[in-house]
Amino acid sequence: MKWCRFQVGNKVAFGMVEGDEVVEVSGSPFETYQATKSRHPLSRVKLLIPCVPPTFYAAGVNYRAHAQWAATVGLAASPNPPTKADIGYRANNALIAHEENIVVPKDSLGVVEYEGELVAVIGKKAKHLSREEALSCVLGYTLGNDLSERTWQKQDRTLWRAKNTDTFKPMGPWIATGLDPNNIDMTIRLNGKVVSQFNTGKMVFDVAHYISTMSHYLTLYPGDVIWTGTDNATGPMRPGDVVEVEASGIGVLRNRVVAEQ
């Protein structure tokens, strides 16, 4: 099943994507819901971010090849991946939906890079989960593009600008259920050209490990999202570029890059 959050006119609702249509539901996948008789052509709805997360979590460096690359360009002190699962936070103000524009601020030096990631969406309240239980609280998975302004990343201790500038966190297009998070093929394209490919089975710490570890110290709530990291080297995007993050079983998250006016 694919859950979307969409807008038609002034109305915002959740829906189930069935082929080229969206079946509108009353309620939400995080509580109770019922399918309505309203069906909308997918091409005529505006897709919104699939959920508004109560808390927006992001894994630290979580792929070996990316850790090695980060060390070569001065973004990390060591080429070795972390020895424990580290979690950071991102800001909801940075979230934008599929097909919305990424805006590069006027004072950016232009080194804004893509980081395509698998995103786990929590479906029910969870605390003190074992590794074996961890995935039971997941509703499904969506896609994220964890944009990074590399000059600011080297300057700002908390990464407040580098990671959390408005529009720097595209997420979508919808939430797909029933997937194995340890075997999803990821592809990132820039202007139609493949710039990175990897399988989520290469994560240093998988989704179950993160959820179990986190749940021993904090409560996870429906709608929380956990971005799980990217692999390989990343590269710059410039105004006029179109970046796509694609995953098997989910779909494509597409955004255009524009300059701030």
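**A chat about the model**

Author: Let's start with a hairpin: strand 19 and strand 20 form it with three residues between them, and G249 in the turn has a positive phi of about 85°. Strands here are DSSP runs of E with at least two residues, helices are runs of H or I with at least four, and both are numbered from the N terminus. This is a predicted model, where local features need pLDDT of at least 70 and side-chain atom pairs count only at pLDDT 80 or more, while totals for chains, interfaces and linings use all residues. Residues are numbered from 1 along each chain as its sequence is written, and side-chain values use heavy atoms, with hydrogens and water left out.

Reader: Thanks! How many bridges pair strand 19 with strand 20?

Author: Six, and the pairing is antiparallel, with strand 19 covering residues 242–247. Two strands count as paired if DSSP finds at least two bridges between them. V245 stands opposite L253 in strand 20.

Reader: And how does strand 9 pair with strand 20, parallel or antiparallel?

Author: Parallel, over three bridges, between residues 102–104 of strand 9 and residues 251–259 of strand 20. There V104 stands opposite A259.

Reader: Switching over to strand 6: which strands does it pair with?

Author: Strand 6 pairs in the parallel sense with strand 17 (residues 225–227) over three bridges. Three bridges also join strand 6 to strand 7 (residues 87–89), and those two run antiparallel. Y57 takes part on both counts: its bridge partner in strand 17 is I226, and Y57 stands opposite Y89 in strand 7.

Reader: Which way do the side chains of strand 6 point?

Author: F56 and A58 point one way, Y57 and A59 the other way, and all are buried. Buried means under 20% relative accessible area, exposed means over 50%, and partly exposed is in between, with a 1.4 Å probe and protein chains only.

Reader: OK, helix 1 next. Which of its residues are buried?

Author: H66, A67, W69 and A70 are buried in helix 1, which spans residues 64–72. Seen down the helix axis, they fall within an arc of 165°, so they line one face of helix 1. That arc is taken from the directions from the helix axis to the C-beta atoms.

Reader: What do those buried residues pack against?

Author: Strand 10 and helix 2 (150–155). Just after helix 1, G74 takes a positive phi of about 80°.

Reader: You mentioned strand 10. What sheet is it in?

Author: An open sheet of three strands in the order 13-10-18, with antiparallel pairing. Strand 13 (148–149) and strand 18 (236–237) are the edge strands, and each pairs on one side only. Two bridges join strand 10 (residues 112–113) to strand 13, where the bridge partner of V112 is E149.

Reader: How much space lies in the largest pocket?

Author: About 480 Å³. A pocket is found on a 1 Å grid over the protein atoms alone, as an open set of points where a 1.4 Å probe fits, with protein on both sides within 12 Å along at least five of seven lines; lining residues have an atom within 4 Å of a point. Grid points are joined across faces, edges and corners, and the volume is the space filled by probe spheres set on them.

Reader: Which lining residues are closest to its centre?

Author: Of the 28 residues that line the largest pocket, those are A59, G60, V61, R90 and Q153. The largest share of the lining, four residues, comes from helix 1.

Reader: New topic: how many disulfides are there?

Author: The count comes to zero, where a disulfide is a pair of cysteine sulfur atoms within 2.5 Å. For C51, the nearest cysteine sulfur is that of C4, 12 Å away.

Methods. Contact means heavy atoms within 4.5 Å.
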